[in-house]
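Welcome to a short tour of a protein chain. Take a look at the sequence and the 3D structure below, and keep both in view while you read.

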Amino acid sequence: PGCIVERYASVAHDFVLPPFVFRQANLEGFDGVVRALCAAVPPGARVVEWYAGVGSLGMAVVPTAEWVRCSDINPPETAFEASRQLLPPAVRSRITYAVGTASERLCDASGADVAIVDPPRKGLDPLVLSALCDQTDGSACASITMLIYISCGFAALARELDALLAAGWRVRGRQASAHVLFTNANHIETMVICDRVRPSRGAATTVEAKAAPTAARVQAESHT
């Protein structure tokens, strides 16, 4: 009761939004992000999604994923469960939700190969960024080889991409996609896909990583 049921145009199932959670004002525009996300996540992926909100992005990719673990500090378990029941029966058990900050839920990265983050404008929790940059075998994010970063705060994205690039991540195609969600406003939503490149055993981070372009120089494809 009191919830609304929404659907992204490119996704074949609905999701439930209670009145106390964030909702994208421009679902049609945000569907461009959803389409790009679904295209990027490979079939059979094991996905962790931090800053998941009600889990709508995780639910968009779960039909082709092996499993998806969502989490956020807000506790919309009832809405998440209602949305999960709208998924095809065969995939419902493949997506789960836990309450906690991204730092508290770093354990969800165990065994994952894809991470999806859609943090607030201030960017990633410092512990999450540190874990993603850690190349040590056995580290919290050691199994993750693809990072999909959806950003509403470009300054934080640029700062954190510098750290990720220095740690051996690469921006796929050396470009980002920019999505205009607020017409006539000077704000864009940016999506960057990063792939982890591990240094050779015993070798330091490569010169290429140190010289890689910062987010401020990443080419952007504008999608209106």
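Is tyrosine 51 buried or exposed? With a relative accessible area of 13%, tyrosine 51 is buried, because buried means under 20% relative accessible area, exposed means over 50%, and partly exposed lies in between (1.4 Å probe, protein chains only).

## Before we start

This is a predicted model, in which local features need pLDDT of at least 70 and side-chain atom pairs count only at pLDDT 80 or more, while totals for chains, interfaces and linings use all residues. Residues are numbered from 1 along each chain as its sequence is written, and side-chain values use heavy atoms, with hydrogens and water left out.

## The chain as a whole

Six helices and eleven strands make up the secondary structure of the chain. Helices (H or I, at least four residues) and strands (E, at least two) are DSSP runs, numbered from the N terminus. Of the 224 residues in the chain, 52% are buried.

The accessible surface comes to about 10,600 Å², and carbon and sulfur atoms hold 55% of that surface. Such areas come from the Shrake-Rupley method with a 1.4 Å probe, and for residues only the protein chains shown count as cover. Now for contacts, meaning heavy atoms within 4.5 Å. Among the contacts with a separation of 6 or more, 71% join residues 24 or more positions apart.

## Two nonpolar cores

A nonpolar core is a set of buried Ala, Val, Leu, Ile, Met, Phe, Trp, Tyr and Cys residues joined through side-chain atoms within 4.5 Å. The largest one here has 36 residues, and those with the most contacts inside it are Leu37, Val41, Val47, Val68, Ile95, Val114 and Ile148. Several elements each supply at least two residues of this core, including α1 (27-40), β4 (67-72), β5 (95-99) and β7 (146-151). The largest share, six residues, comes from α1.

## A cavity inside

Rolling a probe the size of a water molecule over the atoms shows where empty space is left. On a 1 Å grid over the protein atoms alone, a cavity is a set of points where a 1.4 Å probe fits but cannot get out, and lining residues have an atom within 4 Å of a point. Grid points are joined across faces, edges and corners, and a volume is the space filled by probe spheres set on the points. How many cavities of 30 Å³ or more are there? The count comes to one.

The largest cavity has a volume of about 40 Å³. Its lining consists of Tyr8, Val11, His13, Asp14, Phe15, Ser56, Met59 and Ala60. Helix α2 (residues 56-61) gives the most to this lining, with three residues. By class, the lining has five nonpolar, two polar and one charged residues. Here Ala, Val, Leu, Ile, Met, Phe, Trp, Tyr, Cys and Pro count as nonpolar, Asp, Glu, Lys and Arg as charged, and the others, Gly among them, as polar.

Glutamate 160 is buried, with a relative accessible area of 3%, whereas alanine 155 is exposed at 61%.

Not counting residues up to four places away in sequence, glutamate 160 touches Lys122, Gly123, Leu124, Leu129 and Tyr149. Alanine 155 and glycine 123 are 32 residues apart in sequence, and their C-alpha atoms are 8.6 Å apart in space.

## Loops worth a look

Tyrosine 51, the residue from our opening question, lies in the loop between β3 (46-50) and α2. Its phi is near 60°, a positive value in a residue other than glycine. Arginine 174 has a positive phi as well, near 55°. Arginine 174 is found in the loop between β8 (169-171) and β9 (175-179) and counts as partly exposed, at 47% relative accessibility.

Beyond residues up to four places away in sequence, serine 103 touches Asp125, Leu127 and Val128.

Definitions and conventions
On a 1 Å grid over the protein atoms alone, a cavity is a set of points where a 1.4 Å probe fits but cannot get out, and a pocket is an open set with protein on both sides within 12 Å along at least five of seven lines; lining residues have an atom within 4 Å of a point.
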